[in-house]
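Colleague: Please show me the structure. I have some questions about how the chain is arranged.

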Amino acid sequence: SLSIHLVVENIYLLVIVTLVSVLQNVFFAQKVERECKSHHSHTSAFERVSCANRNCMDAYPTFLAVMWCAGLCLSQAPAAFAGIIYLLVRQQYFVGYLGQTSQSTPGYLFGKRIISFLFLMCIVGIFNYLLVRYYGSDYKDYVETITKAASALLLIP
């Protein structure tokens with residue numbers, strides 16, 4: 001029971017972001033379904049909502065993988081924070097795509113930046129693990145502090 005508590009303590013923020021992302025996926029799917037029912041499935045509105053949903057789904061496994069790896073290998077809180085920002089950006093992208101596709105470009109580019117940040121967190125976490133394992137040097141506290149500070153930079157457009 002104690003060990004399960006410790007595991008959950010180290011992942012609960014990642015779990016929350018994952019569940020929020022599932023709700024967002026449901027929202028996107030409902031938009032597609034509603035557009036399909038209200039119009040014929042060959043309208044430009046349906047094409048846009050369907051394409052926006054498909055684009056979000058294409059990036060989804062990559063997002064989940066890097067968020068979880070960053071959270072487990074380095075630090076849960078900055079990874080979860082980046083995950084929430086990513087979901088907000090993905091929402092902006094989706095809604096922007098329903099208007100003019102050019103409105104979705106900033107969200108798309110910002111999303112790529114967040115994925116890159118999470119990927120970098122993964123690499124740093126793995127590198128730190130290898131330093132501890134083979135050289136006995138642990139920079140995790142130092143790196144976590146930098147990561148937490150750097151995650152705030154994600155808010156800059």
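Modeller: UniProt positions are given in the numbering used here, feature names are shortened, and annotations may be inferred rather than shown by experiment. The model is predicted, so local features need pLDDT of at least 70 and side-chain atom pairs pLDDT 80 or more, while totals for chains, interfaces and linings use all residues. Residues are numbered from 1 along each chain as written, and side-chain values use heavy atoms, without hydrogens and water.

Colleague: Which residues does the UniProt annotation "transmembrane region" cover?

Modeller: The annotation comes from an unreviewed UniProt entry.

Colleague: How far apart are the end C-alpha atoms of residues 63-89?

Modeller: Helices are DSSP runs (H or I, at least four residues), as strands are (E, at least two), numbered from the N terminus. Residues 63-89 are 93% helix and 0% strand. Their end C-alpha atoms are apart by 12 Å.

Colleague: Which residues touch the most other members of the largest nonpolar core?

Modeller: A nonpolar core is a set of buried Ala, Val, Leu, Ile, Met, Phe, Trp, Tyr and Cys residues joined through side-chain atoms within 4.5 Å. Buried means under 20% relative accessible area, exposed over 50%, partly exposed in between (1.4 Å probe, protein chains only). The core has 24 residues, and those touching the most other members are Phe63, Ile114, Leu118 and Met121.

Colleague: Which residue forms a salt bridge with Glu33?

Modeller: A salt bridge is a side-chain nitrogen of Lys or Arg within 4 Å of a carboxyl oxygen of Asp or Glu. The whole structure has one. With the closest N and O atoms 3.0 Å apart, the partner of Glu33 is Lys37.
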